[in-house]
Amino acid sequence: MTRKNKPIRSDIAWSTPDRIEVHGKSLPDEILGHLNLGDMAFLQIVGRMPTTQESNVFNAIAVTLVEHGITPSALVARLTYAGAPESLQAAVAAGLCGLGSVFVGSTEGTAKMLYEALPPGTRDADLESIARETVAAYRERGQIIPGLGHPLHKPVDPRAPRLFQIAKDNGFSGDYIRLEQLICDEAERAAGKSLPVNATGAIGAISCELGLPWKIVRGIGVLARAIGLVGHILEESKNPMAVEIWQRVEDEATQHIRPQGA
């Protein structure tokens, strides 16, 4: 049986020997020298140029996730680079593979949670009731509420209030941010402990205010952290720590089974 071909279509970009267009704009003439990296990312994801306010907010949430020290993703990138220094891209890719429900990728979980609790276009919702119902549902399922709590930043993740202020200053402080804050309050009450909105929770809520699809929100963390990992790999090439980390971990982890003095 002959298979009928389906249309193959992309609306992103095309090129000829003397032209390159991205989302309807000339790359050499309308993008290069006019757009910063964050605005280019917004254009690529959303398909249009950001407003000044959207640019301010989107760039802020992207910059937030570039760097956070010697994190698991940075360690993986450094260790991979130690084993394959000829392949910088493999080291970056290795570091990015760990961006999931615990690190960085919880932006996606937060946005999905908020959209499901408050579908786009909903007006005059009882946000306090929605917050209580959301927290109760997560607790009943035994699931961790995404975007809350941090192992280091307590009782406040300093990135979250700053991001919320930037969103407010640019007209993007609406029901999703309010709902995220109410979910935080209810979760802390129910758990009896501090569970601050963390950076990824703030970014997830702000991404909803921007109208970004939840399934793409993790991508903002991916593009941001890729930049950070390149910086870590450059530092690793100049001042290596990966081999030392490997050898220390091996020594400590196996010390109890080694002969004395070995």
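1. The model is predicted: local features need pLDDT of at least 70, side-chain atom pairs count only at pLDDT 80 or more, and totals for chains, interfaces and linings use all residues. Residues are numbered from 1 along each chain as its sequence is written, and side-chain values use heavy atoms, with hydrogens and water left out.

2. The largest pocket holds about 950 Å³ of space. A pocket here is an open set of points, on a 1 Å grid over the protein atoms alone, where a 1.4 Å probe fits, with protein on both sides within 12 Å along at least five of seven lines; its lining residues have an atom within 4 Å of a point. Grid points are joined across faces, edges and corners, and the volume is the space filled by probe spheres set on the points.

3. Of the 39 residues lining the largest pocket, S101, V102, S106, G149 and N198 are the closest to its centre. By class, the lining divides into 17 nonpolar, 15 polar and seven charged residues. Helices α4 (72–83), α5 (88–96), α6, α7 (127–141), α9, α10 (199–210) and α11 each supply at least two lining residues, and α6 gives the most, with four. Helices (H or I, at least four residues) and strands (E, at least two) are DSSP runs, numbered from the N terminus.

4. The strands form an open sheet of three, in the order β1-β2-β3, with antiparallel pairing. Because β1 (13–16) and β3 (25–26) stand at the edges with a single partner strand each, one side of each is left without a neighbour in the sheet. Two strands pair if DSSP finds at least two bridges between them.

5. Four bridges pair β1 with β2 (residues 19–22) in the antiparallel sense, and the two strands form a hairpin with two residues between them. Within this pairing, W14 has E21 of β2 as its bridge partner, while S15 stands opposite I20 in β2. Antiparallel β2 and β3 are joined by two bridges, and V22 has K25 of β3 as its bridge partner. The hairpin of β2 and β3 also has two residues between the strands, and H23 there takes a positive phi near 50°.

6. The whole structure contains 11 salt bridges, each defined as a side-chain nitrogen of Lys or Arg within 4 Å of a carboxyl oxygen of Asp or Glu. One of them joins R9 and D11, with the closest N and O atoms 2.9 Å apart. Both R9 and D11 are exposed; exposed means over 50% relative accessible area, buried under 20%, and partly exposed in between (1.4 Å probe, protein chains only).

7. A further salt bridge forms between R218 and E108, whose closest N and O atoms are 3.3 Å apart. This pair links distant parts of the chain, with R218 in helix α11 (residues 214–238) and E108 in helix α6 (residues 106–117), 110 residues apart. R218 is partly exposed at 27% relative accessible area, whereas E108 is buried at 18%.

8. E186 and R189 meet in a salt bridge of 2.7 Å, N to O. Both lie in helix α9 (residues 175–191), three residues apart, about one turn of the helix. E186 is buried, with a relative accessible area of 13%, but R189 counts as exposed at 58%. Elsewhere, salt bridges that share partners join R78, E235 and E236 into one network.

Note on methods. Nonpolar A, V, L, I, M, F, W, Y, C, P; charged D, E, K, R; others polar.
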